[in-house]
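Please have the sequence and the structure open while reading.

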Amino acid sequence: MDNIYLLMVVALAVLAVADLIVGVSNDAVNFLNSAIGSKAVPFRTIMIVASVGIAAGAIFSSGLMEVARKGIFNPGEFYFDEIMIIFVAVMITDILLLDFFNTLGMPTSTTVSIVFNLLGAAVCIALIKIGADPEHTFADLGNYINTKTATKIITGILLSVVIAFSVGAIVQFITRLLLSYDFEKRAKWVGAIFGGIALTALLYFIFIKGIKGTNYAKTIVDVVYNGGAEGLLDWANNYFGSAYESVKELAKDQKDLFKIDGDAGTVKVTLRGFLETRVLQIVLAGFVIFSALSYLLVTFFKVNIYKLIIIIGTFALALAFSGNDLVNFIGVPIAGWQSYEAWVVSGVPASEFSMDVLAQKVETPVLLLFISGLIMVLTLWFSKKARYVAETEINLSREGEAKERFNPNFLSRGIVRGTVLISQGLTAIMPGFAMKVIEEKFTKPVINLPKNKTYEMPAFDMVRAAVNLMVAGVLISIATSMGLPLSTTYVTFMVAMGTSLADRAWGTESAVYRVAGVLNVIGGWFFTAIIAFVAAAAVAFLINLGGSVMIAVLLLVAVFFLARNTINYRNKVKAEKAEDSLKNSESSSIQGVIEESADNIMSFVNRGNKIYISTIDSLVKYDLIALKKTKKGIAKLDEEVEHLRDNIFYFIKNLDESSVGASNFYINILGYLQDMSQSLDYISKASHKHVNNNHKKLRFNQIKDLKEIEEQLNELFGQIKKAFNDREFDNIDVIINEKQELFNIVNKKIDKQVSRTRTEENSPKNTTLYFGLLLETKDLITATMNLLETYREHK
């Protein structure tokens, strides 16, 4: 039986590696987005800087593993066998939950995930213990759970969301007023002052958040307070706003800040204590030094101070992420391993060995931290999901138009309408000269690119990227100094959203989509907390019920889901790369538009033909799963056509004066592609609905007729694809001449079904479906021929 606990420790080690991988994939969004979105420095440089930050942060993580041991539950109330159930349940649930969000491309909080996993599993085991002991009641649950910490975390989450968004918006608004969009043309001293503020904030953040709780933070600084006990208490009460009555009470409450020797009041201050008790002096000195340094770099070395801020900010957030969030990934497995070691030495049965040992401070071996850091760095470089998650936040904060992932809802529409009304009210009461100044500062520069050159613009400029990093660093530093728990994901995301709003990145064209996206992400955060608590409790209950067999089953289930998600994600990426996606026309002449649109027509016809054939074949086979895939295929094709139509404004803007006629051609082509898409959409949805509702299968004669039409359409689309692929546009006339023959075939099938309906048909649903398929097929042919005729007129 003892071997089961060794196997559980091994399982925890494997799960720790997996959790590191999925965790970094999710949290990379915190420190990569500002640098990637602004394109301030090459992507390779960003990754190198972030990797160094992660590696350094991992080495500084030792003192933070306390959370997993005693931060959420009281370990002395549990026995060894119960603790191991809690830890295994937490790791299984945490990995699956984070991987689920990674697959969706949604950033979530690894801190909230691990905390509520621990809370859920611990509550479950505690309730089982209470239920088995007649002397205990539900009221005793508080003895097992650290409710004070849980309450602080939930409060911290709510506050961090609101405060981060508000502060980000205010700071960005003020910064833009001072720097405008022509920040690179401003006086050198302006950039130097901004650099002094930003660098001071970031470097202070590195010391406060990056090394908090580590052995290095406990290093004693040669600073001695000799004011005696009375003077020390007066100073402490004034500084902390408290009422300490003795040096002993002060020493106990502020043990992280001071090392007090005796009652004489002699105090040695730790490095963290030195920083936190001299905030004003350090900040002022840092501002003067870094402002002067920034001025020298800008003036004499021609350094772009904003790029430097972004590089240091990326390093700082990566350091803080690794140094503080590593506990989310390996804290539980390390606590499990240390528990196992203590139990083995004790010789006490697992069901009787109290876990008071977890309440003691135990250092984590540096080798384990080094290995963890290495895994995190490798994940950062090779994880495709990390970049997929990062794209979500970058697109939500992007300047101007972007491919919107989220659909508007009533809440996002209401928020936008309310914001517009408030803005109009403020504009009405604000003096005209003030509005003029604001408009000038927020006027975006027009970047003229050559007509024959395409260039992917940054999602936002370097000023906004620097503000994102600076504000996130300052807020996290302040919360850390005050001992308030928060999520770095929540802070960095909401700061980015606040700066986007203040910077007018959310215009009337995109606001409802962006707000809907923010609401979706925030909703996902609360979903994380709820599902983590419930799922971890359920897994802990199952393990307690089934023992080692259930652990093996649950591990296999976890491996299955991880593998399935990975395979599905890779297949999705491959399919998107292999698929002939429709592309925006970027040509400025009519001949160029004709040439580019030929590729889109060929792609659409090829995919539309596959969808039609798949729909008819799946309907004949009564295959609901295949019909669902077909529905997704036509939905994606329809979305791409809609995207092309949304791009018409930019297409017309790009045209030469002599080629304005190309706009009429292009608009007509897109209209016919949309008509074809709508016909395919109806055919797919009607077929899916018929099978999904378990209506009667099609009759043999109906199937025969549909297969005959399918063959004719397959031949037609094949001819069109070849003509446009080979650019043999003279063949279009031949294809168009077959129009009437195709119509005659479909009309004959309609007449035959009318006769069958009068004499032998007895299924109204079959008749409705069949007529619908034939009529939409006819519309599909009509739209296709109209498209070809339009192309023939302009070729």
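## A buried lysine and its partner

K749 counts as buried, because its relative accessibility is 6% (buried means under 20% relative accessible area, exposed over 50%, partly exposed in between, with a 1.4 Å probe and protein chains only). The side chain of K749 meets that of E708 in a salt bridge, 2.8 Å from N to O (a side-chain nitrogen of Lys or Arg within 4 Å of a carboxyl oxygen of Asp or Glu). K749 lies in helix α27 and E708 in helix α25, so this pair ties together parts 41 residues apart in sequence. E708 is partly exposed, with a relative accessible area of 31%.

## About the model

The model is predicted: local features need pLDDT of at least 70, side-chain atom pairs count only at pLDDT 80 or more, and totals for chains, interfaces and linings use all residues. Residues are numbered from 1 along each chain as its sequence is written, and side-chain values use heavy atoms, with hydrogens and water left out.

## The chain as a whole

The chain has 28 helices and three strands (DSSP runs numbered from the N terminus: helices are H or I of at least four residues, strands E of at least two). Of its 795 residues, 50% are buried.

Side chains of opposite charge can pair when their charged atoms come close. The count of salt bridges comes to 13. One of them joins K752 and D705, whose closest N and O atoms are 3.3 Å apart. K752 lies in helix α27 (residues 739-759) and D705 in helix α25 (residues 700-725), so the pair ties together parts that are 47 residues apart in sequence. D705 is buried at 2% relative accessible area, whereas K752 is partly exposed at 40%.

R607 forms a salt bridge with E640, with 2.9 Å between the closest N and O atoms. Since R607 is in helix α21 (residues 590-621) and E640 in helix α22, the pair ties together parts 33 residues apart in sequence. R607 is buried at 8% relative accessibility, and E640 is buried at 9%. Elsewhere, R176, D461, R464 and D503 are linked in a network of salt bridges.

## A nonpolar surface patch

L367, L368, F370, I371, L374, L378 and F382 form a nonpolar patch on the surface, with about 700 Å² of accessible area together. Patch residues have over 30% relative accessible area and no salt bridge; like charges are joined within 9 Å, and nonpolar side chains (Val, Leu, Ile, Met, Phe, Trp, Tyr) within 5 Å. Accessible areas come from the Shrake-Rupley method with a 1.4 Å probe, and for residues only the protein chains shown count as cover. I371 lies in helix α14 (residues 366-382) and is partly exposed at 38%.
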